[in-house]
Amino acid sequence: MLTSSFNFIKALKPGQTSLGIEISDATIKMSKVLLRKNNEPLIQMNVTEELPPLVMEEGRIKEPLRLIQTLQTMMTRLDSKPKHIHLVFPSQLVMVRFLKLPDIPEKDLAKLVDFEIKHNIHLPFENPLYDFVKMNGIVHKKRKTVKKFKKEAEAPTGKEFFLEAAAGKEELGGGKGLFDDFQEEESKADTAMQCDVMLVAAPKEIMDQYLEVLDSAGIKLTSIEIKALSLFRLLQSTSLTKLKDTFLIVDLNETAGDLSIFHGEDLKITRSIPLIFAAKPQGNVDVKTNADQLFSEFLDGDADFRNHCNDLAHELERLMNFYRYTLNNRNQEFAGVVISGDLSRMPEIVSFLNERLPIPVQLFQSANYFSRNSTFKDDVSMYAVTLGLALRGAES
């Protein structure tokens, strides 16, 4: 708990508070950060609340009322209402693609993206909400666009702000390739007048449901973002990687993992994979026979855990090989892997991956970036997503 003297000192320091929220199938996490001009951010609070079973399933809200109640309870635990609130949208429900399009003003590029969405790009859901960010090329006047796809064009409403939300305001550049798809190399003459575009799409019905739940809980959002950009924002405050290097950022929980490749400041690939690190129910141990108990003594109790680690290592190897060889980046060597997450055996996962992979693997650590006056000593890797969200501050 904070002392009264600490609260008094904190009140004298100018700044704005910012809150990051992550909702997964098992928990809700919140990080509240005080952003101060010319001073390190100050972590005011990290909060985790477990969700009852079946409230969330693969990022989808199954019991809105229980989720609203949990969010309200957590908000009452904050010592003051944050000025800016940011949410990370579940990666399982987001499609991110990287396109190469003509280097034209964003207003005209928006029309071209609309055309591609309607006629050439297959989306895994109907009625999508989508947005894009031009990542390089000639800088033109900024435009505001959040689109929902229908057969007839419709003007976006104020509620649909998946804008630089998902794509982020940062000028992330150089993207190429579409999840598992890729484009053939083109001649320099063909690509001279082209630019790279990151397209982000999500199902509108589910996005609206999240917004309705948060609104019912008394939470007014400043932005919505994808996890890869939140983690990268926090990573920029560390010395774990050199920004010119190619590296992976990995975030893990009991049921899913997010794998993202960056080259310098450029997001190249991001994808979500299912995981089964969640502990299996033991059932009724009283019904075990003597034979079962005798046989269990010869079983390796850690076999499942190692198999899950092995599956994760295999996915990382596949993604790195795809990036280097399928996308023709053979001259780029991976500098390492940075891992965040809330699994209880994170250090063991890092140790296993270090033995399996030919590049260094390390846990997310960024404590030196935050003010030393902070009384919160939580594992930064556990709250990396929400801390990165909170650092977004006033950006919408």
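Where does N127 lie in the chain? The points below answer this and then turn to other features of the model, which is a predicted one.

1. N127 is placed in the loop between α3 (106-119) and β8 (128-134). Most residues other than glycine have a negative phi.

2. With a relative accessible area of 39%, N328 is partly exposed.

3. Strand β8 is mostly covered, since seven of its seven residues are buried. In a regular strand the side chains alternate between the two faces of the sheet. In β8, one side carries P128, Y130, F132 and K134, while the other carries L129, D131 and V133. The residues on both of these sides are buried, and both faces of the strand are therefore covered.

4. **The partner of β8.** Which strand is joined to β8 by seven bridges? The partner is β10 (residues 194-203), and the two strands run antiparallel. Within this pairing, L129 stands opposite A202 in β10.

5. A search of the whole structure finds 16 salt bridges. Side chains of opposite charge can pair when their charged atoms come close. In one of the bridges, the side chains of K227 and E22 meet at 3.2 Å, N to O. This pair links distant parts of the chain: K227 belongs to helix α7 (residues 227-235) and E22 to strand β1, and the two are 205 residues apart.

6. **A salt bridge between two loops.** R345 and D302 also meet through their side chains, at 2.8 Å from N to O. R345 lies in the loop between β15 and α10 (346-356), whereas D302 lies in the loop between α8 (290-296) and α9; the partners are 43 residues apart, and the pair links distant parts of the chain. R345 is partly exposed, with a relative accessible area of 23%. D302 also counts as partly exposed, at 29% relative accessibility.

7. **A salt bridge within one helix.** E315 forms a salt bridge with R318, and their closest N and O atoms are 3.7 Å apart. Because they are three residues apart in helix α9, these two residues are separated by about one helical turn. R318 counts as partly exposed, at 45% relative accessibility.

8. How many cavities of 30 Å³ or more are counted? There are two. The largest cavity holds about 140 Å³ of space. Its lining consists of 16 residues, of which I23, S24, Q92, K227 and N253 are the closest to its centre. Strands β1 (16-23) and β13 (256-263) each supply at least two residues of this lining. By class, the lining has five nonpolar, seven polar and four charged residues.

9. About 510 Å³ of space lies in the second largest pocket. It is lined by 27 residues, and those nearest its centre are S91, Q92, L93, V94 and S272. The elements β7 (95-102), α7, β13 and β14 (266-274) each supply at least two of the lining residues. Which of them gives the largest share? Strand β14 does, with five residues. The lining divides into 15 nonpolar, five polar and seven charged residues.

Methods: Residues are numbered from 1 along each chain as its sequence is written. This is a predicted model: local features need pLDDT of at least 70, side-chain atom pairs count only at pLDDT 80 or more; totals for chains, interfaces and linings use all residues. Side-chain values use heavy atoms; hydrogens and water are left out. On a 1 Å grid over the protein atoms alone, a cavity is a set of points where a 1.4 Å probe fits but cannot get out, and a pocket is an open set with protein on both sides within 12 Å along at least five of seven lines; lining residues have an atom within 4 Å of a point. Grid points are joined across faces, edges and corners, and a volume is the space filled by probe spheres set on the points. Helices (H or I, at least four residues) and strands (E, at least two) are DSSP runs, numbered from the N terminus. Ala, Val, Leu, Ile, Met, Phe, Trp, Tyr, Cys and Pro count as nonpolar, Asp, Glu, Lys and Arg as charged, and the others, Gly among them, as polar. Buried means under 20% relative accessible area, exposed over 50%, partly exposed in between (1.4 Å probe, protein chains only). Two strands pair if DSSP finds at least two bridges between them. A salt bridge is a side-chain nitrogen of Lys or Arg within 4 Å of a carboxyl oxygen of Asp or Glu.
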